Amino acid sequence: MSDEPQQPEPRQPEDARDTTPGSPSGSTSASGSGSRSGPTWAPRSTGSGGDSDDGTAGAGRAPGEGTGKGAGRTAAGATGAAAPGDTQALEVTAVTPDSGDDRADRGGSTGRDRGTDPGADRARTPGDGPGRVSARTPGDGARNTGGAPGDGLRNTGGGPVDGLRNTSGAPSGAPGVGPRNTGGGPGPGATVSGSGTGAGFGALHNAAPNTANPSEGLDGAAPGNSGAKPKKKGRKQRPKRTGWRRLIPTWRMVLGSFLVIVLLIGGALVAGYMLVDIPKANPTAIAQTNVYTYSDGTPLARDGDINRENIRLNQVPKTAQHAVLAAEDRDFYSESAINPLAMIRAGWNTATGKGKQSGSTITQQYVKNYYLDQEQTVTRKVKEFFIAIKLDREVSKDEILEGYLNTSYFGRNSYGIQAAAQAYYGKDVGKIDTAEAAYLATLLNAPSAYDVVAHPENKAAAVARWNYVLDGMVKEGWLESAERDAMKFPTPGQVKPQSGMSGQRGYLVEAVEDYLTSNDIIDEQTLARGGYRITTTIDRKKQDAFVKAVDDNLLSKLSKDREVDKYVRAGGASVDPKTGKVVALYGGVDYTKQFVNNATRRDYQNGSTFKPFVFTAAVENGAATQSGQPITPNTIYDGTNKRPVTGWSGGSYAPENEDHYSYGPITVTEATDKSVNSVYAQMAVDVGPDKVKQTAVELGLPEKTPDLNPYPSVALGTSTASVLEMTEAYATLANHGRHGNYTLVTKITKDGEEIELPGRGEVKQVVSRTAADTTTSVLQSVVQGGTATAAQAAGRPAAGKTGTAEEDKAAWFAGYTPDLVTVVAVMGQNSETGEQKPLYGATGLPRINGGGAPAEIWAAYTKAALEGQPVAQFDLKTDGSVGTPSVPPAGSQPPGGTTPPSTEVPPTTTPPTTPVPPTEPTFEPPTVPPTQPTFEPPTVPPDGGTTGDPGGDPGGTTGDPGGDPGGAIGGPGEPQGGTD
């Protein structure tokens, strides 16, 4: 490299340049020696030509052209400038024309020469074009953008000695002048379009390209180009989505939305945690008093006195602590304050019908009990969520468990485990054993329902829950398997109610509370906290009349000298059929002596009081006998004792009549009067047991009534609906087939504000008026000359049905006038063990039956309850065309000279074990149809009178003659049911 700067050589006009292929523009000539005769730069050239004459590797075809890194290579392989005055070759290798080892040679050009001689050339003027473009002359170098022969890559100066990245803009730029020349003169400089002769690189990265020289241009621009950089070929645009595809979000939208939601949730959690503080204890944690009144507003009862004794956690046995944890939250000590998975699982189980469940941890339950309330609102749940998290960070697990044990409700108006131990076992919690502790833990799930003394019908469910608790203790290692296997269910002691609940008050309050909680008006724990004033539907006058009727017709006849009289107890309910209001309720002799409410319990068979539902189903469905005769009050059936039913595929079933009496051919009305089991079992098959059950449910019995099964025996009253539920069903018959739910409450206020109550529900026609009124006409005959003649003492037109449970453990009478429906039951139960007992010998009689004390109580009560009211007559609408009665052939006639029994006997529980081929009775209509009887209700109290058949044929078409047999269950061994 020369010490003195070399003046730039003026560029020749394009028309004066040598464009002969192989001869570069300027003074450079081809030679085999690889020397350069002109100022040739070839920096950063990466190409290589063929081998030189002496076999050395060349990098270009024209003398002086350079490619690749390093100095120019002569034919002899020497590196550096070939002759004095030559420009230095920065990272350039000069080669001879014959060099052949050039990887970037594409058809004769050196390096990345893509000129048209012979490769693809982007610039048409020899030497023109910046960037990766060579001039047409074969000697141009790779990336040579200058116009002069041999100009190098990125040389933007105009002189023959321009240097790479020369930043000097002076026209005196010497060889090797520094890089990045941005001047506009003929001096050298990269990224600048030189203005002097031979500046052939164009304006690479130059913001103001020189347009004076036609050979200058940016990235291979054509001659005369101003040097502007051509547009690069852009990415192909994504086609716009059309049609339904526009409705589907892209993955970017989904991802973005998800991130936004996560951020929002995270922000909400942080904000909630910061904003919600742990409050002071809820003032309502101290229970207030609930006030109950009669329908006229006079006081009925007052409850709600708090029953709580707080204790320290170390006073609670470890077994009791573990029992509670096994029942409610087994991971309490290891989990956080909340359990999202448990909450999701509980919500799913509740939604899918697996029962209402709670996903709350013990911490959350304690927060709800102590700081908040029991309201099921989103606001309360949100507060519970954040308070539980904060509390878990600030308070120890032991403190939380202690508070939970002291604030939880266990039933029997007991708050806290200490009060519960006293209420159920009469001892301090420190003295209860593991089995008793497991039962107390069981109560936390359903305090009142799992009280097996108050609700013996729920004992199976309570025992199952008790086993669940003990099994959980074993699973968690808190109890040995051998000890667990030796445990027996610890039946709790009798209830010791408050003195303010004595007499009927306790029964009435319990019935009202059950009504409020079962209808989701107020939950049990909120109600127990008190503060409510509740106006009931109970009529004080009628309630007192009920108590007096039981005292006069039953309790006064009991003797301490008779053991069986200790088992006698009574229950009753009375409803206005037009409004559905319960006007009177009799639960037992005294709530402080007999805690179980006999009006609402569901564990005694209904007996023959169920038979009217079978006949109603027959008329409603237009059913017919097996021979095709429509079922009407005058239809003839075979009343033979133990006659096997026909048309039933579930096995042989032959129920016995009371006193094993065979009646032979008998009308439906007579069979109802005498409560003939063989007739009604066959009728149930004729109608279809499933249709019988459906009709009973439509009339008012709960669908899940225990033992309400679609078998022939359902006609005999094997179901165990409560007295109150049977009253509701009979009220539907009295109201001409229109049903509405009963109600026990008319108004509730708290802190001066009235709480909204659900209505009676839609009163709708569940069975036709013809079906209901025809049933009523048949039941009138029962009172006039059947098993319920004692009911005539009421002095009102009445209809009803007697019933007796299996083994005479209960006797029933369900009757009604146009204004009042009342059901009375007398039951036998051992007060010490809770075992049901037969009533043989009670009150000094051979046995108690429905036509005895129950009907007598009904008559006395009804007469007093309706005293002063006008006598109302039944307004019945039945079809006047009575079905033609049919008389079966001789045989199976009643025994001569005998009288049908006036009292009931307990039926056998097992039908014959050997199937008896059923015999289909043959009916032949008589030649003369019977005369249609007429019936006029008495205007004065009747004294017995004669039996009058009210008749009435529902008419219509003949229905299903056989009904659905109801499956293959109900053969030998099926419950017999009751009689009357």
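Strands β6 and β7 pair in the antiparallel sense over four bridges, where pairing takes at least two DSSP bridges between two strands. This is a predicted model, with local features needing pLDDT of at least 70, side-chain atom pairs counting only at pLDDT 80 or more, and totals for chains, interfaces and linings using all residues. Residues are numbered from 1 along each chain as its sequence is written, and side-chain values use heavy atoms, leaving out hydrogens and water. Helices (H or I, at least four residues) and strands (E, at least two) are DSSP runs numbered from the N terminus.

**Strand β6 and its partners**
- In β7, Y586 is the bridge partner of G572.
- The hairpin of β6 and β7 has six residues between the strands, and G580 takes a positive phi near 80° there.
- With β16, β6 pairs in the antiparallel sense over eight bridges, and A573 stands opposite V823.
- Eight of the eight residues of β6 are buried, meaning under 20% relative accessible area with a 1.4 Å probe, protein chains only.
- V568, A570, G572 and S574 point one way from β6, while R569, G571, A573 and V575 point the other way.

**Helix α13**
- Its buried residues are K542, Q543, A545, F546, A549, V550 and N553.
- Seen down the axis of α13, these residues fall within an arc of 160° (taken from the directions from the helix axis to the C-beta atoms), so they line one face of the helix.
- They pack against several elements, including β6, β7 and β16, with contact meaning heavy atoms within 4.5 Å.

Conventions. Buried < 20%, exposed > 50% of the residue type's maximum accessible area, 1.4 Å probe, protein only.
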